[in-house]
Amino acid sequence: MSQQPQQFDVVIIGGGAAGLMCAQTAGQRGHRVRLIEHANRCGKKILMSGGGRCNFTNLGTTPKQFLSANPHFCKSALARYTPQHFVELVERHRIAYHEKELGQLFCDVSSKLIVKMLLDECANAGVRIDVGCSVQVVRQSEDGFELQTTQGSMACNKLVVASGGLSIPSMGASGFGYQLAQQFGHTVLPTRAGLVPLTLSGKHQERLQDLSGVALPISARCGKQAFSHDMLITHRGISGPAILQISSYWQPGDQLLLDLLPGRDALQTLQDLKRARPDAELRTVLGDLLPKRFAQRLCEIWLPSRPMRQYNDPQLREAADLLSNFPLIASGTEGYRTAEVTLGGVDTRELSSSSMQSNKVPGLYFIGEVVDVTGWLGGYNFQWAWASGHACGMAL
Ligand code: FDA
């Protein structure tokens, strides 16, 4: 290491949601904190989130909305820093917000206000932030860690890794946190893209491709997990909230089952329609329940269309079964380029759930998305970033 390194109590690597929350919390508690961000500004993902309005939390957050090899891990941090705590912060900064649906809170104006709020809190807490700074080497020292960066060397007693996951590399995402974890003997569970559009190939793609842009409410099921929301057909496959949600539970080879008439008893619906409109063709009656082009395609390929009165009970049952369990095999995902989150990561069984500290290396902490805790779509991932960042900041 070159010359005398600058000394800090805490160095945080990564100026995203978790790093900024941790920095302000630790700074407010009197620590000398330095935060290092390798991109040219902090909070790029916050800026692009929620269509520019940042879905910054979800009022209905519970541990159930998180995926992890160790589902109990997130409980402590989530219980100690709740959506209401973050809402209080937002209100203190007079940021107007609204609830969109299902407890999702969004800024009325812009996600820039959330980044400004976090930076203001850090500034008030005396946090030093360096952007455009890359860490080259980290090594353990007698009383902490020494880091070599593109802006010189520094030493700290405690090191927090808040470098996020692999999604959207163009926004600064890197595998740095995982490499650092491995360097210090941590297990990194296999990572994969989550909350991501699914791709179709072969005949599955050919049959739907020209319907690109068609959206419909569905319930998407993979194994025991199901999500009801909209699906959007894309040029490459399927997307929309229901598909993004189920993508986190999908693995290559798994079959997806789509209920195309969610909330309805498909057989009862077809029987009622047969009684009410015996001369209407199936494609016509389905066209009143589903987007017309989609109903048309169903009847070209999967369901023979004829007047409703010509269907006997077993045939109606067969049609109903297809409508409520429409099978799809995805060929893959669109990958980290468009994924909102990265599943997997630093194994939580080697971290303290109350402080996020490593059980292997005292003074080393992992927070946010780099950890194997991934939320559903709807503000849960930011709530995890705030909660884990706060838990760590309080423990430093
Ligand atoms: P985050 O990725 O935010 O921050 C990590 C930081 O570390 C980055 O600034 C990165 O540049 C920096 N970094 C990486 N490697 C480094 C290195 N070697 N040295 C220094 N710095 C380094 N969630 C939600 O709850 N509501 C929402 O509305 C959305 N919307 C959304 C939209 C899109 C397009 C994406 C991609 C993601 C979302 N998310 C979301 C998910 C959410 O953005 C994500 O879960 C959090 O940002 C994770 O916070 P972290 O601080 O852990 O990582």
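## A first look at this predicted protein model

To find any residue mentioned here, count from 1 along each chain as its sequence is written.

**The whole protein**

- The protein has 13 helices and 21 strands; these are DSSP runs, numbered from the N terminus, with helices being H or I of at least four residues and strands being E of at least two.
- Taken along the principal axes, a box of roughly 85 × 40 × 35 Å holds the C-alpha atoms of the protein.
- Of the 396 residues, 48% are buried.
- Among contacts between residues at least 6 apart in sequence, 71% join residues at least 24 apart; a contact here means that two C-beta atoms, placed from the backbone, lie within 7 Å.

**Asparagine 157 and aspartate 143**

- Asparagine 157 sits in strand β10, which covers residues 152-161.
- Leaving aside residues up to four places away in sequence, asparagine 157 touches Asp9, Asp143, Gly144 and Gly363.
- Asparagine 157 and glutamine 296 are 139 residues apart in sequence, and their C-alpha atoms are 65 Å apart in space.
- Aspartate 143, one of the residues that asparagine 157 touches, belongs to the loop between β8 (135-141) and β9 (144-149).
- Aspartate 143 is exposed, because 10 other C-beta atoms lie within 10 Å.
- Along the chain, aspartate 143 and glycine 363 are 220 residues apart, yet their C-alpha atoms are separated by 9.2 Å.

**A sheet of seven strands**

- Strands of a sheet pair through backbone hydrogen bonds, either parallel or antiparallel.
- Here, seven strands make an open sheet with antiparallel pairing, in the order β17-β16-β13-β14-β15-β12-β18; two strands count as paired if DSSP finds at least two bridges between them.
- At the edges are β17 (326-329) and β18 (332-333), each pairing on one side only.
- Four bridges join β16 (residues 255-259) to β17 in the antiparallel sense.
- Within that pair, leucine 257 has proline 327 of β17 as its bridge partner, and leucine 258 stands opposite phenylalanine 326 in β17.
- Strand β13 (residues 215-222) also pairs with β16 in the antiparallel sense, over three bridges.
- In that pairing, alanine 220 stands opposite leucine 258 in β16.

**A buried strand, β19**

- Why is strand β19 described as largely enclosed by the rest of the structure? Six of the six residues of β19 (residues 341-346) are buried, so the rest of the structure largely encloses this strand.
- β19 pairs with β11 (residues 188-194) in the antiparallel sense, over five bridges.
- Threonine 342 in β19 has alanine 193 standing opposite.

**Two helices side by side**

- Two packed helices are described by the angle between their axes and the distance between the axes.
- The axes of α1 (residues 17-28) and α5 (residues 112-124) come within 8 Å and cross at roughly 30 degrees; axes are lines fitted to C-alpha atoms, for helices over the stretch in contact, with angles from 0 to 180 degrees between N-to-C directions.
- α1 and α5 are therefore roughly parallel to each other (under 35 degrees is roughly parallel, over 145 roughly antiparallel, 65 to 115 roughly perpendicular, and the rest oblique).
- Where α1 and α5 meet, Leu20, Met21, Ala23, Gln24 and Gly27 of α1 face Leu118, Glu121 and Cys122 of α5.

- Most residues other than glycine have a negative phi, and most peptide bonds are trans.
- Leucine 102 has a phi near 50 degrees, a positive value in a residue other than glycine.
- Leucine 102 lies in the loop between β5 (97-99) and β6 (104-107) and is partly exposed, with 14 other C-beta atoms within 10 Å.
- Methionine 356, also not a glycine, has a positive phi of about 75 degrees.
- The loop between β19 and β20 (364-366) contains methionine 356.
- Is methionine 356 buried or exposed? With 32 C-beta neighbours inside 10 Å, methionine 356 counts as buried.

Methods
This is a predicted model: local features need pLDDT of at least 70, side-chain atom pairs count only at pLDDT 80 or more; totals for chains, interfaces and linings use all residues. A residue is buried if 20 or more other C-beta atoms lie within 10 Å of its own, exposed if 12 or fewer, and partly exposed in between; C-beta atoms are placed from the backbone.
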